[in-house]
Amino acid sequence: MQLNGMRSYLVKMICLIQRVTKGKVEVEQKTVGEISAGLVVLTAFQPNDNIDSITKMTHKLLNYRLFSDENDKMNLNVKQVKGELLLVPQFTLAANTKSGLRPSFSSSASPAVATLLFDQFVEHCRQQHPSIQTGKFGADMQVSLTNDGPVTFWLEV
């Protein structure tokens, strides 16, 4: 679709991925997910997301090359380095911040839909990678991590 000469598209599933040496999620002062070296993945869903979005994002996430090889080039993925994943639901990533001074969450999937999508995303990742931890959907989470690099990427499908 063209809009005033610019290409416009509907953004779908979002993951903000951070290469870490460690990461942890706490809820009510209790650890609910913790990893050593790997990726902390903050995840948001939008209303049009579905199993196709999840399948594409899982493939991209698990195969994205952001770990260094023997020549110090980012040529290895999380599976190749046997890294861990900490998947954290974060609906605020889907906020509309284009106007005003307060974010709008009208572009985020509803909590009921996003909960189902997050659960499917976790299951999809677990089927393809053995070391998965998660945050808790809808909870007030404290997320801590040590970003390695720092290396951070925004993924969309």
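1. In this predicted model, the second largest pocket has a lining of 15 residues, and those nearest its centre are Pro89, Gln90, Phe91, Phe137 and Gly138. The space within this second largest pocket amounts to about 230 Å³. Sorted by class, its lining comprises nine nonpolar, five polar and one charged residues.

2. The largest nonpolar core contains 25 residues, of which Phe45, Leu61, Leu85, Leu87 and Phe121 touch the most other members. Two or more residues of this core come from each of strand 3 (14–27), strand 5 (38–44), helix 1 (51–63), strand 8 (84–89), helix 2 (111–128) and strand 10 (141–156). With six residues, helix 2 makes the greatest contribution to this core.

3. When neighbours within four places in sequence are set aside, Phe121 is in contact with Met13, Cys15, Thr43, Phe45, Ile54, Met57, Thr58, Leu61 and Leu87. Another core, of 14 residues, lies apart from the largest one; its members include Leu16, Val27, Ala44 and Val88.

4. Thr58, one of the residues in contact with Phe121, is placed in helix 1. Thr58 counts as buried because its relative accessible area is 0%, where the cut-off for that term is under 20%. Again leaving out neighbours within four places in sequence, the contacts of Thr58 are Phe121, His124, Cys125 and Gln128.

Conventions
Residues numbered from 1 in each chain as written. Predicted model: local features only at pLDDT ≥ 70, side-chain atom pairs only at ≥ 80, totals over all residues. Heavy atoms only, no water. 1 Å grid on protein atoms, 1.4 Å probe; cavity = no way out; pocket = protein on both sides within 12 Å on 5 of 7 lines; lining within 4 Å. Points joined across faces, edges and corners; volume = space filled by probe spheres on them. Nonpolar A, V, L, I, M, F, W, Y, C, P; charged D, E, K, R; others polar. Core = buried A, V, L, I, M, F, W, Y, C linked by side-chain atoms within 4.5 Å. Buried < 20%, exposed > 50% of the residue type's maximum accessible area, 1.4 Å probe, protein only. Helix = DSSP H or I, 4+ residues; strand = E, 2+ residues; numbered from the N terminus. Contact = heavy atoms within 4.5 Å.
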